[in-house]
Amino acid sequence: QVYLVESGGGVVQAGGSLRLSCVASTAYGYSFSNYEVAWFRQARGKDRAFVAGIRYNGGSTDYADSVRGRFSVSRDNAQNTAYLQMNNLEPEDSALYFCAANLMTLSRTPDQYDIWGQGTQVTVES
């Protein structure tokens, strides 16, 4: 089994930056490098929304239109870690950010992921 823990959230002024980390713990026989990883966010009163994703080998990435050009997703499989670099943050980016993983496909749909972290809060003040 694989367990995910996010960190790096906080309070930042508009225009600032944060880098989120998603560290995976794997049981024997499981390898983080086999998993597709995506970042989602959920603002208060709203549905969970796709932010960015990265293929198991880092070979390709995908971004929501709202963050493309400002956010960058990456991973270091040797460190069992995925990252979300967030630049030029806007108040609309305030949300609880989750990383998620699956073995099947890089998807923008939350239901496609069966492994989730607990989330890390990002608050952007204007």
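Strands (E, at least two residues) and helices (H or I, at least four residues) are DSSP runs numbered from the N terminus. Burial is assigned under 20% relative accessible area and exposure over 50%, with partly exposed residues in between (1.4 Å probe, protein chains only).

The model is predicted, with local features requiring pLDDT of at least 70 and side-chain atom pairs counted only at pLDDT 80 or more, whereas totals for chains, interfaces and linings use all residues. Residues are numbered from 1 along each chain as its sequence is written, and side-chain values use heavy atoms, with hydrogens and water left out.

One disulfide is present in the structure, a disulfide being a pair of cysteine sulfur atoms within 2.5 Å. The bond joins C22 and C99, whose sulfur atoms are 2.0 Å apart. The torsion about the S-S bond of C22 and C99 is about 70 degrees, and the disulfide is therefore right-handed. Because C22 belongs to strand β3 (residues 18-26) and C99 to strand β9, the pair ties together parts that are 77 residues apart in sequence. C22 and C99 are both buried.

Side chains of opposite charge can pair when their charged atoms come close. With a salt bridge taken as a side-chain nitrogen of Lys or Arg within 4 Å of a carboxyl oxygen of Asp or Glu, the count comes to six. One of these salt bridges joins the side chains of R55 and E36, at 2.8 Å from N to O. R55 is situated in the loop between β5 and β6 (61-63) and E36 in strand β4, so this pair ties together parts that are 19 residues apart in sequence. Within the pair, R55 is partly exposed at a relative accessible area of 29%, whereas E36 is buried at 3%.

A salt bridge is also formed between R108 and D62, with the closest N and O atoms 2.7 Å apart. This pair links distant parts of the chain, R108 being in the loop between β9 and β10 (115-116) and D62 in strand β6, 46 residues apart. Both partners are partly exposed, R108 at 42% relative accessibility and D62 with a relative accessible area of 23%.

In the salt bridge between E90 and R70, the closest N and O atoms are 3.9 Å apart. E90 occupies the loop between β8 and β9 and R70 the loop between β6 and β7, so the pair ties together parts that are 20 residues apart in sequence. E90 is partly exposed, with a relative accessible area of 31%, while R70 is buried, with a value of 11%. R70 and E90 also belong to a network of salt bridges that links them with R41 and D93.

Rolling a probe the size of a water molecule over the atoms shows where empty space is left. Pockets were defined on a 1 Å grid over the protein atoms alone, as open sets of points where a 1.4 Å probe fits, with protein on both sides within 12 Å along at least five of seven lines; lining residues have an atom within 4 Å of a point. Grid points are joined across faces, edges and corners, and a volume is the space filled by probe spheres set on the points. The largest pocket holds about 160 Å³ of space. Its lining consists of R41, Q42, A43, K46, D47, A49, F50, E92, D93, S94 and A95. Strands β4 (36-42) and β5 (49-54) each contribute at least two residues to the lining of this pocket. By class, the lining of the largest pocket contains four nonpolar, two polar and five charged residues. In this classification, Ala, Val, Leu, Ile, Met, Phe, Trp, Tyr, Cys and Pro count as nonpolar, Asp, Glu, Lys and Arg as charged, and the others, Gly among them, as polar.

Positive backbone phi values in residues other than glycine are found at N80, near 55 degrees, and at N88, near 50 degrees. N80 is located in the loop between β7 (71-76) and β8 (81-86), and N88 in the loop between β8 and β9 (95-102). N80 is partly exposed, with a relative accessible area of 23%, and N88 is likewise partly exposed, at 44% relative accessibility.
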